[in-house]
Amino acid sequence: MDDDDLSDLYQEIILSHNKRPHNEGELDPRSGEAEGYNPLCGDRIRVYVHKTDSGLLDAVTFTGEGCAISRAAASIMTDSVKNLDPAGVEAKIAEALEMLTSKEEPEIDLTVIGDLAALVGVRHFPARIKCATLAWHTLESALKGEGIVSTEEG
Ligand code: ZN
């Protein structure tokens, strides 16, 4: 597969997520939520998270308006962190942000990171990197902002 084929594939994945986003909608009940805004592009998304008693992130959804990349990134983000434990989520966020912002050409194992790899294409368009990282930063805030609903460990 040469570079052009790969770009086409990435573009296809992004357009498909933008058209039919996964996990779009409000989440209720939820353990946390946060809003993210990317003034460079005007992307505005809200991320909702729900954790089980043991801390497993069993549901993540998003709502919002933005460009195709920001929406695809949010859709891909929700897919990639769902059902991970706190350490797994943290590692995934770090991995994604590293991949999206690294100056080095990242090594990509498509079989392991799946659609996340499609976002790596934005590294060639510095103005769009924030569109792709927005969902991940917003997820971080949503996780830190726990306590909107807490019915456990009274
Ligand atoms: Zn954008």
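The exercises below, with worked solutions, concern a predicted model.

**Exercise 1. The zinc site**

State which residues coordinate the zinc ion, and how they are spaced in sequence.

*Solution.* 
Step 1. Write the spacing of the donor residues, which is C-x1-D-x23-C-x63-C.
Step 2. Turn to accessibility. Asp-43 has 0% relative accessibility, and because buried means under 20%, Asp-43 is buried. Cys-41 has a relative accessible area of 36%, so Cys-41 is partly exposed, between the cut-offs of 20% and 50%.

**Exercise 2. The largest nonpolar core**

Describe the largest nonpolar core and find which element gives it the largest share.

*Solution.* 
Step 1. This core has 39 residues, and Val-47, Trp-136 and Leu-139 have the most contacts inside it.
Step 2. The elements giving two or more residues to the core are α1 (3-19), β2 (43-51), β3 (57-65), α2 (68-81), α3 (86-101) and α5 (129-144).
Step 3. The largest share, 9 residues, comes from α5.
Step 4. Take Trp-136 as an example: not counting residues up to four places away in sequence, the residues it touches include Met-77, Ile-93, Ala-96, Leu-100 and Leu-119.

**Exercise 3. The faces of helix α3**

Check the length of α3 and work out where its buried residues lie.

*Solution.* 
Step 1. At 1.5 Å a residue, the 16 residues of α3 should span 22 Å. The end C-alpha atoms are 23 Å apart, which agrees.
Step 2. The buried residues of α3 are Val-89, Lys-92, Ile-93, Ala-96, Leu-97, Met-99 and Leu-100.
Step 3. Viewed down the axis of α3, these buried residues fall within an arc of 160°, so they line one face of the helix.
Step 4. Ala-87, Glu-90 and Glu-98 are exposed on the other side of α3.

How values were computed
Residues are numbered from 1 along each chain as its sequence is written. This is a predicted model: local features need pLDDT of at least 70, side-chain atom pairs count only at pLDDT 80 or more; totals for chains, interfaces and linings use all residues. Side-chain values use heavy atoms; hydrogens and water are left out. Donors are N, O and S atoms within 2.8 Å of the metal (3.2 Å for Na, K and Ca); water is not among the atoms, so sites may look incomplete. Buried means under 20% relative accessible area, exposed over 50%, partly exposed in between (1.4 Å probe, protein chains only). A nonpolar core is a set of buried Ala, Val, Leu, Ile, Met, Phe, Trp, Tyr and Cys residues joined through side-chain atoms within 4.5 Å. Helices (H or I, at least four residues) and strands (E, at least two) are DSSP runs, numbered from the N terminus. Contact means heavy atoms within 4.5 Å. The expected span of a helix is 1.5 Å times one less than its number of residues. The arc is that of the directions from the helix axis to the C-beta atoms.
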